[in-house]
Amino acid sequence: MTGHPALVFRANYFGDPAASQALAALLDDTFGIDVTILDRLGGPDPTGVPFAWFDASGTCIANISAFSIPLVINGLFTRAAGLQSGAVRPEYRGQGLFRSVMESALDYCDSEGFEAVVLLTDKPALYERYGFRVLPQHRFEGSPPTGGRMSTTRRLDMASDSDVTFLRRLLNARRPVSDRFAPLRQVEMFLFNAALMADIRLDLLEEAAAVIAWQWGEDGTFELYDVAGARIPALADILASLQIDPPKIRVHFAPDHLDWGAEAVADAGDMVLMLRGSEGLLPQKPFALSPMAEF
Ligand SMILES: CC(C)(COP(=O)(O)OP(=O)(O)OC[C@H]1O[C@@H](n2cnc3c(N)ncnc32)[C@H](O)[C@@H]1OP(=O)(O)O)[C@@H](O)C(=O)NCCC(=O)NCCS
């Protein structure tokens, strides 16, 4: 393996608290994101396997982490891995360290038998050389459906330990939010994203036992980010239960379980979703990865 003579390569080091802290420092310095808030939410993803270079003082210089993210794509279960936390300290860039951790991570994904590897990036050119291709994403826009059935709701609070525990249980037993493309299970990133999104509302529809992750957008648009539950209520029932009448709806995942007609609008954001896997795994219909599952 190519590397830096003064650095030590380590894989699968999450059992070592000092090394995990060194990765948290690299991610904070690179992206300004504090991953240690996951500790309060029940801990990091137990499937995570990091690949990294450390210097002699234990500073994490370069890293990428793989984790399991079982997906539903085109209605079929797909054993997929995700890659996240890819970073190299500025003074060590351009020396092949990222390529070395990427190659280790992809070897691991292949040897574990993952059918697909997915990642989110604003630098797609960096990943094309490893066989990743961009999956275009969409948003789904339309008018609010009417005539929904109302049920009682309760707002969850990410600052409450009992609400976080409740949410974990629900996320572990959820139905994928879409059959076109959605994680089957994605607990940690949902909680992490929910804790970071200042304006997100998490409203439990008590009868359906489903949590609606949403917020108000510009001009009163209802921005629906995710629905987590064993049952997914129709959009009309969601609006009736929340007792709101927005002029416009924008859904950030394919709304095939929402019983609602919408127009798919191409997403023009900088972050793109990429997949490495066979042609047959490409989503056949417009879709989006829920913002609550972004990693
Ligand atoms: C992007 C980053 C990880 C690259 O690390 P690095 O150690 O300098 O990369 P390497 O030296 O291993 O380069 C590997 C290859 O990627 C290419 N590359 C590097 N940065 C690139 C970029 N921004 N876009 C496209 N290609 C890039 C290199 O030219 C090199 O190509 P080669 O194999 O043909 O020589 C590093 O610059 C970084 O940490 N940036 C900030 C965080 C970030 O953007 N992370 C990725 C988020 S998805």
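Student: How far is a backbone N or O atom of Gly94 from an oxygen atom of the ligand?
Tutor: The distance is 2.7 Å. Keep in mind that this is a predicted model.
Student: And which part of Gln95 is 3.3 Å from a ligand oxygen, backbone or side chain?
Tutor: Backbone: a polar atom there sits 3.3 Å from an oxygen atom of the ligand. For Arg93 it's a polar side-chain atom, 3.4 Å from a ligand oxygen.
Student: How much of the ligand does the protein bury?
Tutor: The protein buries 70% of the 900 Å² that the ligand exposes when taken alone.
Student: OK, how many residues surround the ligand?
Tutor: There are 18, and the closest are Val88, Gly94, Gly96, Lys123 and Arg129.
Student: What classes do the shell residues fall into?
Tutor: Eight are nonpolar, six are polar and four are charged.
Student: New topic! At what angle do α4 and α5 pack?
Tutor: Helix α4 (residues 161–172) and helix α5 (residues 187–196) pack at about 140 degrees, and their axes are 9 Å apart. So α4 counts as oblique to α5, because the roughly antiparallel label is for angles over 145.
Student: Is their crossing left-handed or right-handed?
Tutor: α4 and α5 make a right-handed crossing.

How values were computed
Residues numbered from 1 in each chain as written. Predicted model: local features only at pLDDT ≥ 70, side-chain atom pairs only at ≥ 80, totals over all residues. Heavy atoms only, no water. Near = heavy atom within 4 Å. Polar contact = N/O pair within 3.5 Å; in protein donor to acceptor, adjacent residues only side chain to side chain. Areas by Shrake-Rupley, 256 points an atom, 1.4 Å probe, with all protein chains shown as cover. Nonpolar A, V, L, I, M, F, W, Y, C, P; charged D, E, K, R; others polar. Axes fitted to C-alpha atoms, helices over the stretch in contact; angles between N-to-C directions. Helix = DSSP H or I, 4+ residues; strand = E, 2+ residues; numbered from the N terminus. Parallel < 35°, antiparallel > 145°, perpendicular 65-115°, else oblique. Left-handed = near helix turned anticlockwise from the far one by under 90°.
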